[in-house]
Amino acid sequence: MDPPVADLSDAEAMARRATVGFNEVPEIRPSSLRRLARKFVGAIPALLEVTLLLELVLERWEDASVIAALLVFNAVLSFVQESRTQHTLDLLRQRLPVTARVRRGGVWRKIPARELVPGDLVELRMGDQVPADLALVGGSGLRIDQSMLTGESEAVDRLTGASVYAGTTVTRGEATGTVTATGASTRFGRTAEIVRTAEAPGRLERLVLGIVRALVYYDLVLLAGIAVFGYLTGISWLTLLPFALILLVVSIPVALPATFTLANAVGASDLAGQGVLVTGLSAVEEAATMTTLFSDKTGTLTQNRLTLLRAEPGPGETEATLLAYAASVADAATLDAVDAAILEAARRQKIDPYPALSRVPFTPQTKRAEAIVDRRGPPVRVVLGSPLTVAPLCGRDPDAAAAEAERRGRGGERVLAVAAGATSPLAWVGWLILADPPRPTSARVIRRLQELGVRVVMVTGDTQATAEAVARSLGIGSRAVDRAGFREDPHRGEVLAGVYPEDKYEVVRALQATGEVVGMTGDGVNDAAAIRQADVGIAVDSATDVAKSAARLVLTAPGIDGIVPAVESGRRVYRRLLTYTLVKMTKVVEIASLLAIGLLVTGEFVTTPQLILFLVFANDFVTMSLADDDAEPSSEPNHWDVRMLVGVAAVLGIAWLALSFGIFYAAGPLLGLSLGATQTLIFVDQVYLVQASVLILRTPRSIWTQRPGRWVGLSTLGVVAAASGLAVAGVAMSPVPLEALGFLAVSIVAATALLDATKGWLLTRLSRPAAPIPAGARAGPLP
């Protein structure tokens, strides 16, 4: 019943909105100029800026101009891509509007929460986020989780007359309230619509930065050798310093921020078209490494819609009588799932309930609902509820009734008892067997996730017997453990039964502590803390506002179908970023060693500093195109194996190093090239080798079995053509004849074919069994 409180008309609401504005706190973002300026701040650009400054001091204008162009190019590219990504995320969040139930002009309706104004009459239910500051004016009272506002984990009770604040969460009860403040005027200072956007770097990015840091240390060792060589041979420091700076520039992952952002943004855009909204970009790459997925049962794996499977009358009773009695207790106005299932079954069989003179609703304390019905005689008391509570009213043994209920519900069904009578004890009328049917696609999705190497664990408050039956029907498995068993061994069992809502958070943390990458999917307010804690937090389509706010992946279609494309897309992104990392490591090992060892052995620069800077440009152009490569997802969760990465980079880098030195020594005697032309040939050699490295490392299979993406192919052809054309024409370098480039191309193609044929053996030799390590990174074989 509507509370006796005046509401607003649409006209009054519009007038107030014109005065106070929308119910939102505008997100304050730095200006475009400031965001662009930030691209020149940080460890990576700082190294380039120091190099640029020293080049200017040394009056090496050409080198300085190339470094400046490299710095500006990557800053602008990163800025543009970040702006596009932010625009994409903004559009995705617009598809996750927070709504409010409001009464205007005497009619209850749902509207976007941002349209609320002071004076609106709002209804709150369990699972809602409070959309504005409210004064409660009616209802049964609320239990409010104020942890987002006060930091206190214990919920508080709020009755009529009390205030509740925007951003808090309703964990129990229903009530109505009048809006007292909106937007920036609320105590919380922002609405529940704003999703947390601050994201820490993903595991992948943290590890890559650590690897690059190690490569810089490798360069420092080489520089120390060069310094000693310069001291012994008397080479001027004015000659060695620019060379040393260029050596450091080679190791700087200039394109890393733009590549990571672009790859994740491409993945997020692809997922949006498959019913998955990404609210945190790092979730895309984290989905690739997910090893275990905890899934709530009710409303996630099941339809959260009870259906009456069977009505089993007792001795001397009929199914029609049983349903008529049960339907007389059910109240359509409560929207209770049990009531709705019983009334639907009665309507389907065209059975009219007996007229109810009064009703007593179900409560957790009594575990039953009652009604007094009119059967044209003495009033009849009808009881519907748990067999444990109904049996004593009929003079039956509660334990025997519970055992019989367990037998009838051994498939995971919910079993209720119905009793009726004008006097005590009541007569046993029969049994109702109800079930929340699994979603049609749940079993298929679970099977596919298992094929992808993801362990799926169902988390439920049901008993072990019930949980095992449901899990078995879904194909999850049948090994159920309780909380104590899980604490003993978090890797045992596919079903976690008897779990209270507050336990889910600790369950996720416990498995993360073993080194697992954990996903959590759910729909209720009691899932929100676990979803937030999980590495991959997923909210289903029917989730409450608070669950969606906690998640970084939100499914927009019913069921859990979107999880499979999220995992597969994440693994494609992972493969692209893995290729970038391996190419970067390989080139640092090879180019840095080529420059340093070449100087130490030959006393000559095997290529000029200017050409090395051009090479960095070419490398960045090609490696960034990997963000949209046609990568193939692996069949197992991805994990980083540093031994594998270093081993592959070392082997491939040494192979290219040997080839490059062979070409350097052959250029004069065999091809008749001068030192300047030889340096140009080595520049082109390095450009070609980058393309070869990309083709070899982008797939664990033969390069001939998987075509590269369109942009990878076009950028490869473009860079090869540009470098070859400049070398032949002698633009900014000594010219080389076409015959020399032909010799170079044939040599690299032959070496590429040989390395591609042996990489499978190499990967097998370098593989080792995965061992759990702290959650910052997980060891395992290279996918």
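Modeller: Axes here are lines fitted to C-alpha atoms, for helices over the stretch in contact, and angles run from 0 to 180 degrees between N-to-C directions. Helices are DSSP runs (H or I, at least four residues), numbered from the N terminus. This is a predicted model: local features need pLDDT of at least 70, side-chain atom pairs 80 or more, while totals for chains, interfaces and linings use all residues. Residues are numbered from 1 along each chain as its sequence is written, and side-chain values use heavy atoms, without hydrogens or water.

Colleague: OK, at what angle do H22 and H25 pack?

Modeller: About 165 degrees, with the axes 8 Å apart. H22 spans residues 609-625 and H25 spans 710-729. That makes the two roughly antiparallel (angle over 145 degrees).

Colleague: Which residues make the contact?

Modeller: From H22, Ala618, Phe621, Val622 and Ser625. From H25, Trp711, Val712, Ser715, Thr716 and Val719. Contact means heavy atoms within 4.5 Å.

Colleague: Switching to rings. How many aromatic pairs are there?

Modeller: The whole structure has 5 (Phe, Tyr or Trp six-membered ring centres within 6.5 Å). Phe664 and Tyr665 are edge-to-face (planes over 60 degrees apart), because their planes stand at 80 degrees, with centres 5.7 Å apart. Phe661, Phe664 and Tyr665 form one cluster.

How values were computed
Phe/Tyr/Trp six-rings, centres within 6.5 Å; stacked < 30°, edge-to-face > 60°. Parallel < 35°, antiparallel > 145°, perpendicular 65-115°, else oblique.
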